[in-house]
Amino acid sequence: MVLSLKRSSDQGGPPAKALRADPLSRLKDTQTRICELEELCAREQIAVQRRYDTAKLPQMAERGEIIKELPQFWYWTLKTYSDQSGSALFTEEDLPVLKNIKAISLHDNLDTMGSYEITMELQENEYLESTAIKRSVKVDSDSERCTASPVVWKKDVNPTPFFSFFGCQSVKDGDFGELFRLEIWQDPVLWYLQREANQSPSQTS
């Protein structure tokens, strides 16, 4: 028996080209597969990052203790970043309150989606009853959800704009949380030292 090697077009069937989808459909399909690989890559990168985040915990704890020995470290770090990056994170109303920040901690990449939690500790002050405030962001495949501890102000004190971030139930592009975790947290010393370099000795005290 001899098998026929004729193409379907030779046998009266539809041309091979006609069996293919139109270019736009094929392009969309290809792009979907590219995006799926990008998402897989991002998840694997977060898994690696989480492993190193765990390895860095002792050094991060040591850094936090040293920072407490430097007066108003976080005030100057955040202010320098805001001034030099042009992000306008704060208003003049915020600055006196920010001078009371004692510590900031970030628990990043809590899962493979990149969820995170920011905690800010403040010393006793004339503005806030709250001395520890926290904001958590849970990232899902198609949404980001926030939970936050209440920010309680002392009687007759007007809330300042910056601290509304901790009460916001939605994530906005360029908000403090995103900027802090991406541009400040890994090396806050960089921003603090830039402040030191640009101030006179009397201003750094």
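Reader: What makes strands E1, E2, E3 and E4 an open sheet?

Author: In this predicted model, the four strands follow the order E1-E2-E3-E4 with antiparallel pairing. Strands are DSSP runs of E with at least two residues, helices are runs of H or I with at least four, and both are numbered from the N terminus. Two strands pair if DSSP finds at least two bridges between them. Strand E1 (101-107) and strand E4 (144-148) each have a single partner strand, so they stand at the edges and one side of each has no neighbour in the sheet. On average, neighbouring strands here are turned by 10° against each other, direction ignored.

Reader: How do you know that E3 and E4 pair?

Author: Strand E3 (residues 132-139) and E4 share five bridges in the antiparallel sense, and the definition asks for at least two, so they pair. One of the bridge partners to look for is Cys 146 in E4, which goes with Val 137.

Reader: What makes Trp 153 buried?

Author: Buried means under 20% relative accessible area, exposed over 50%, and partly exposed in between (1.4 Å probe, protein chains only). Trp 153 has 16%, so it counts as buried. Phe 163, at 3%, is buried too.

Reader: How do you know that the charged end of Arg 195 sits over the ring of Trp 76?

Author: The rule asks for NZ of Lys or CZ of Arg within 6 Å of the ring centre and within 35 degrees of the ring normal. The charged end of Arg 195 is 4.1 Å from the centre of the Trp 76 ring. Likewise, Arg 63 lies over the face of Trp 185, at 4.7 Å from the ring centre.

Reader: Which residues and atoms count here?

Author: Residues are numbered from 1 along each chain as its sequence is written, and side-chain values use heavy atoms, leaving out hydrogens and water. Local features need pLDDT of at least 70 and side-chain atom pairs count only at pLDDT 80 or more, while totals for chains, interfaces and linings use all residues.

Note on methods:
Axes are lines fitted to C-alpha atoms, for helices over the stretch in contact, and angles run from 0 to 180 degrees between N-to-C directions.
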